[in-house]
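My entries follow in the order in which I looked things up.

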Amino acid sequence: MTEDALLALAPPVILGMWALLLAAIARVGVDAAPAMHRGIGALGALLALAAAGSILGDPAFDAGHLILAGALVVDHLAALGDAAIALALALALALDRSGRGQGARAALLSIAAAGLSLTIHAVDLLPLVGGLEIAGLALVALVAQGLGGGARGRRWLVQHGVVSAILLFGVALIVAATGVTRVGELSGRVAMVFTRWGASAAQASVDLLESGVPIPDALEAEARTRAVTAMAPVALYVPGMLLTLFALLHRLGVAFGGRLRAEVYDRAPAAAIALLELGVRTAATIALLRLFVSGLHVPRQVFAPYGWSTPAAAIAGVTLGAAAIAALRARAPRRWLAAQGLLCAGLVAVTLCAAANFYAHAGLRSSGVVIVDHHEWGMQSGEAAVAAAIALCLAQGLAAIGLLAVLRSLGAPPGAGALALQGLLRRRRGLGLAAFVCIAALCGAPPTAVCVARVDLLAAVLVDNNLLLRIVVIVAALASTLATLAGLRLLAQLLERPRAGGESAEVDRIPAAVAIAIAALTLIAGVWVGPTMQTCALAAAGTGTALGHSARAERVQALRARLRPGDALEAAAPTPDGENAVDQAAP
């Protein structure tokens, strides 16, 4: 464990220390100056953001550094996730404008951010689950506080508890079947589980028991023992894998529980929704990527009948259909925002399935007789799909926070309908333009960053020849169209004449500035596409290879060579042994 690798853990350490500091301040009752709590929390978030930015792109982390006996990793994907979570925390603190209980809310937001940061660094099942649960409990407390208790808060708590139990039970079954918790070792152990099940002695025992031929009692007992011993790990692993997959997809924001999520979005504090939209969705995406796409992408672990991609794609299809229905029924901006969250979760889920399929196809050709072109096609297609999924999470999360900031700046109470935006372009030109850009971005309109991410995402998925995924893509296109038509209602509200007495006496300047800044960033990232997608591509490079392996560093370096032709020419210069560096790095 190198000193550089320890320093690279600065983002989660900073977030954790600031969470403890804010909790201590709230505990001793220093609540006289709400701006002080926001300032302290924002300082920690900005420090974590700066630390993550210093790591992202550093060649020292191309292969990924494993820390704490392989339980945590520091790589470009974790650095980008840290940056997203720190930014989500800073924006959430900016949207929390209520004076009473400011210290407790700032502490809960920071605790949630620290848990999410732990999750994205985890390559072991225990810290992965622990980070998600820390973040989830903090957000449950924050949502319940904002809802003032009541039925919605209790139902949100119960739903979180049920999904947490499913996640813990699923992970326990996986560990019982394989005997390991490290994600890097999981794929090999699962392969051994299936190999033992299909071994000749086990299959012969099953055939003997099913034959109906009278056999001695001792031989029957021995056959049963061999069959059960070989089958038991598979009987544990398959349901454990499915339960874990469902729980992580639920954290991502898929359809199950979508109606309650819409009710919570309608009433919960804007700060909690901001962290759910950008922080939790990014962390859940990276957790799914670490465990399933990077960890379980061997063909038998991906494809039917025992693979995870088929149920994940089916859940994604249901989610996309539910998103379209929810968007059409939504009348309030926050409920429409919840429907857009469903749409984003479905798109990300189907894209991760496509990435795993690409890596599995590349693995089919990566042993024995290697067909270089096919292998490289699978690796590059998988990395392109992962990059598109990450870009969509970041772009959609920022646009959602921008719309929340508009509503918060207007002082619109939770549960306010579309009338809160009526005539905003005529009343407040700058704020109205920010709202227009954020709503258009969530609809996927060009030239916003969400449009770029969705186009790249659909292009990456359509390369896959899996019939189920192509059907889900068609559902995604229809759902996106319907959600966009529903969003046109909000855009029309912006363009209408203001209602009588609709002029607000005062606009909160900090949320208004946040909204305008996010709208500008969304447009800049959509027009100036290169740096945006290059950053996501750098985070996605090598996700189909083992962490810490030289092959992962080679893939990141090859990506840099493709993105910067000047560096590629320099790398192509003859080396002392007469060969080109690019030729040496070629597969």
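How much space lies in the largest cavity? I found about 200 Å³ of space in the largest cavity, where a cavity is, on a 1 Å grid over the protein atoms alone, a set of points where a 1.4 Å probe fits but cannot get out, and a volume is the space filled by probe spheres set on the points, with grid points joined across faces, edges and corners.

Before going on, I noted that this is a predicted model, in which local features need pLDDT of at least 70 and side-chain atom pairs count only at pLDDT 80 or more, while totals for chains, interfaces and linings use all residues. Residues are numbered from 1 along each chain as its sequence is written, and side-chain values use heavy atoms, with hydrogens and water left out.

Entry on the cavities.
I counted five cavities of 30 Å³ or more in the structure. The largest cavity is lined by 14 residues, of which Gly 136, Trp 156, His 160, Arg 251 and Leu 276 are the closest to its centre; a lining residue has an atom within 4 Å of a point. Helix 6 (125-147), helix 7 (150-178), helix 10 (217-252) and helix 12 (270-294) each supply at least two residues of this lining, and the largest share, five residues, comes from helix 6. By class, the lining of the largest cavity has eight nonpolar, four polar and two charged residues, where Ala, Val, Leu, Ile, Met, Phe, Trp, Tyr, Cys and Pro count as nonpolar, Asp, Glu, Lys and Arg as charged, and the others, Gly among them, as polar.

Entry on the second largest pocket.
I next looked up the second largest pocket, which holds about 620 Å³ of space; a pocket is an open set with protein on both sides within 12 Å along at least five of seven lines. Its lining is made of 25 residues, and Leu 80, Leu 394, Leu 398, Leu 521 and Thr 532 lie nearest its centre. The elements that give two or more residues to this lining are helix 3 (34-55), helix 4 (76-95), helix 16 (372-409), helix 19 (449-462), helix 21 (509-527) and helix 22 (529-540). Which helix gives the most to the lining of the second largest pocket? Helix 22 does, with five residues.

Entry on helix 4.
Helix 4 and helix 22 pack with their axes 7 Å apart at an angle of about 130°, the axes being lines fitted to C-alpha atoms over the stretch in contact and the angles running from 0 to 180 degrees between N-to-C directions. The two helices, helix 4 and helix 22, are therefore oblique to each other, since angles under 35 degrees count as roughly parallel, over 145 as roughly antiparallel, 65 to 115 as roughly perpendicular and the rest as oblique. In the contact (heavy atoms within 4.5 Å), His 76, Leu 77 and Leu 80 of helix 4 meet Thr 535, Cys 536, Leu 538 and Ala 539 of helix 22. These contact residues divide into five nonpolar, two polar and no charged.

I then turned to helix 4 and helix 12, whose axes are 7 Å apart at an angle of about 170°, which makes helix 4 roughly antiparallel to helix 12. Their contact includes Gly 81, Ala 84 and Ile 85 of helix 4 and Ala 274, Leu 278 and Thr 282 of helix 12, and the contact residues divide into 15 nonpolar, three polar and one charged.

Entry on the loops.
I recorded a cis peptide bond between Pro 446 and Pro 447, with omega about 0°; Pro 447 is found in the loop between helix 18 (429-442) and helix 19. Leu 68, a residue other than glycine, has a positive phi near 55°, and Leu 68 lies in the loop between strand 1 (65-67) and strand 2 (72-74).

How values were computed. Helix = DSSP H or I, 4+ residues; strand = E, 2+ residues; numbered from the N terminus.
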